[in-house]
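Please examine the model displayed below before reading on. The paragraphs that follow lead from the overall fold to particular side chains.

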Amino acid sequence: MPPKFKRHLNNDDVTGSVKSERRNLLEDDSDEEEDFFLRGPSGPRFGPRNDKIKHVQNQVDEVIDVMQENITKVIERGERLDELQDKSESLSDNATAFSNRSKQLRRQMWWRGCKIKAIMALVAVILLLVIIILTALLHL
């Protein structure tokens, strides 16, 4: 016989009803002694007390349902935090790669600027030499 007090998380428990399908199956297959333990004492002298027990059992079931929902929410929150951590690590890696690439590009642009300045200086020197040579040849 399966354990009577084991509680499973499923949609039937969320409704807050005292009797689940499992309890109904146990009640159908049990003898009178087990019925006493499943349903509680019955009769006129146990009526108000039985109502209190049912009321307390309903409250306990509600607390169990709330705690199961809280546990589910905590697990989902943990999963979201893991996803957020993965995304932040990815962003950090991308930021580092971007920084390295921008430094490399800055160096390339600086060298390109230096090359252009050197070429312009060389052209200016060549033009100056040509002018000097031409003026020297014309004065001779």
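**Helices, surface and an aromatic pair**

The chain contains four helices and zero strands, where helices (H or I, at least four residues) and strands (E, at least two) are DSSP runs, numbered from the N terminus. Read from the N terminus, the order of elements is α-α-α-α. This is a predicted model, in which local features need pLDDT of at least 70, side-chain atom pairs count only at pLDDT 80 or more, and totals for chains, interfaces and linings use all residues. Residues are numbered from 1 along each chain as its sequence is written, and side-chain values use heavy atoms, with hydrogens and water left out.

Of the 140 residues in the chain, 8% are buried; buried means under 20% relative accessible area, exposed over 50%, and partly exposed in between (1.4 Å probe, protein chains only). The accessible surface of the chain is about 12400 Å², and 62% of this area belongs to carbon and sulfur atoms. Such areas come from the Shrake-Rupley method with a 1.4 Å probe; for residues, only the protein chains shown count as cover.

Attention may now turn to one segment. The UniProt annotation "transmembrane region", from an unreviewed entry, covers residues 116-138; annotations of this kind may be inferred rather than shown by experiment, and their positions follow the numbering used here, with feature names shortened. Over residues 116-138 the chain is 100% helix and 0% strand, with the end C-alpha atoms 33 Å apart. Leu134 lies in helix H4 (residues 47-138) and is partly exposed, its relative accessible area being 48%.

Which two residues form an aromatic pair? Trp110 and Trp111 do so in an edge-to-face arrangement, 5.0 Å centre to centre and with 75 degrees between the planes. Rings of Phe, Tyr and Trp (its six-membered ring) pair if their centres lie within 6.5 Å; planes under 30 degrees apart count as stacked, over 60 as edge-to-face and the rest as tilted. Both Trp110 and Trp111 are exposed.
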